[in-house]
Amino acid sequence: MQYVFDKNAKDNTLFIKDENYNYLIKARRHKLGDKIAFRNLEDNFIYIYKLSNIDKKSAILDLELEEEKIIENDKELHLAWCIIDPKIIYENITSLNELGVSKISFIYSDFSQKNFKINFEKLEKILINSSSQCGRSSIVKIDIYKNIDEFIKDYPKSYILDFSNNLIESKKDLIDNLIVGPEGGFSKRERELFNKDLVLGFKSNLVLRSETAIISASSKIII
């Protein structure tokens with residue numbers, strides 16, 4: 001853990017209980033006088049607190065130092081991920097956060113099951129834990145679109161990951177927005193919306209799952 005998240009980090013005095021208390025005091029066994037790094041993920045600062053008091057269910061820390069410390073990738077990437085089973089999204093979004101993806105727009109594409117509902121509160125908690133582990137000073141920004149048509153209207157120059165001899169590696173420096181389909185890929189109607197010059201593919205004969213495709217593509221673009 002590179003830091004601990006607390007929305008009140010930056011206050012002169014920090015009171016912790018519940019999850020943070022259990023982690024810091026019971027699991028990590030921090031003692032009086034220990035210095036612990038916190039972020040609030042609303043600004044770019046890291047806050048160093050000194051543990052000054054420990055009770056049975058809570059603890060108090062005093063602010064010792066604050067330092068602006070931005071830890072982000074230079075390359076920004078906005079993904080449009082057509083909605084799949086939320087369980088799979090929860091399991092794999094940490095990898096996208098750790099790679100440094102800046103934003104993910106979830107889209108109900110023609111082949112997305114409309115009964116799939118994403119728990120954004122759960123997603124935010126997963127992302128916060130991910131950034132705390134990898135040291136990133138932010139989390140992936142999230143929004144949602146009801147169809148691909150609306151996304152393309154807002155981002156007409158988006159690249160599309162599909163089957164193509166135009167390889168993603170050849171355009172990696174140009175890609176700021178990338179659309180990745182659901183299980184089953186894109187419908188015929190959706191493909192007719194695409195600018196054929198913006199459709200990219202992998203140098204592979206295998207059909208990848210949506211989560212494998214989006215992580216592989218992000219890795220090729222960002223790293």
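I started with a strand pair: L51 stands opposite L61 in β5. Nine bridges join β4 to strand β5 (residues 58-68), and the two run antiparallel. I looked up how strands get their names: they are DSSP runs (E, at least two residues), as helices are (H or I, at least four), numbered from the N terminus. Two strands count as a pair if DSSP finds at least two bridges between them.

Before going on, I noted that this is a predicted model, where local features need pLDDT of at least 70, side-chain atom pairs count only at pLDDT 80 or more, and totals for chains, interfaces and linings use all residues. Residues are numbered from 1 along each chain as its sequence is written, and side-chain values use heavy atoms, with hydrogens and water left out.

**Hairpins**

I went back to β4 and found that β4 and β5 form a hairpin with three residues between them. Another hairpin is made by β3 and β4, with five residues between them. In its turn, L41 has a positive phi of about 60°. Four bridges join strand β3 (residues 35-39) to strand β4 (residues 45-54), and these run antiparallel. F38 has Y47 in β4 as its bridge partner. I also checked R39, which lies over the face of Y3, at 5.4 Å from the ring centre. The rule for that asks for NZ of Lys or CZ of Arg within 6 Å of the ring centre and within 35 degrees of the ring normal.

**The open sheet**

Next I traced the open sheet of six strands, with the order β8-β7-β6-β10-β9-β11 and parallel pairing. β8 (141-145) and β11 (199-200) stand at the edges with a single partner strand each, so one side of each has no neighbour in the sheet.

How many of the residues of strand β6 are buried? I counted five of five in β6 (residues 78-82), where buried means under 20% relative accessible area, exposed over 50% and partly exposed in between (1.4 Å probe, protein chains only). H78, A80 and C82 point one way from β6, while L79 and W81 point the other way.

On one flank, five bridges join β6 to β7, and the two run parallel. C82 has I107 in β7 as its bridge partner. The chain gets from β6 to β7 through helix α2 (residues 86-99), and this β-α-β crossover is right-handed; that is, with the strands pointing away from the viewer, the path from the first strand over the helix to the second runs clockwise. β6 also pairs with strand β10 (residues 177-180), in the parallel sense over four bridges. There L79 has L178 as its bridge partner.

**F106 and the core**

I then looked at the largest nonpolar core, which has 49 residues. A core here is a set of buried Ala, Val, Leu, Ile, Met, Phe, Trp, Tyr and Cys residues joined through side-chain atoms within 4.5 Å. I104, F106, I168 and L178 have the most contacts inside this core. Its largest share, six residues, comes from helix α6 (residues 210-222).

F106 is buried, at a relative accessible area of 0%. Leaving out residues up to four places away in sequence, F106 touches W81, I83 and F120, among others; contact means heavy atoms within 4.5 Å.

I counted seven aromatic pairs: rings of Phe, Tyr and Trp (its six-membered ring) pair if their centres lie within 6.5 Å, with planes under 30 degrees apart called stacked, over 60 edge-to-face and the rest tilted. One of them, F106 with F120, is edge-to-face, at 6.5 Å centre to centre and 75° between the planes. F106 lies in strand β7 (residues 103-107) and F120 in helix α3 (residues 120-134), so the pair ties together parts that are 14 residues apart in sequence. Ring pairs link W81, F106 and F120 into a cluster. F120 is partly exposed, at 33% relative accessibility.

**Two last residues**

Beyond its sequence neighbours up to four places away, E211 touches W81, I84, I88, N92 and E183.

F163 sits in the loop between β9 and β10 and is exposed, at 65% relative accessibility.
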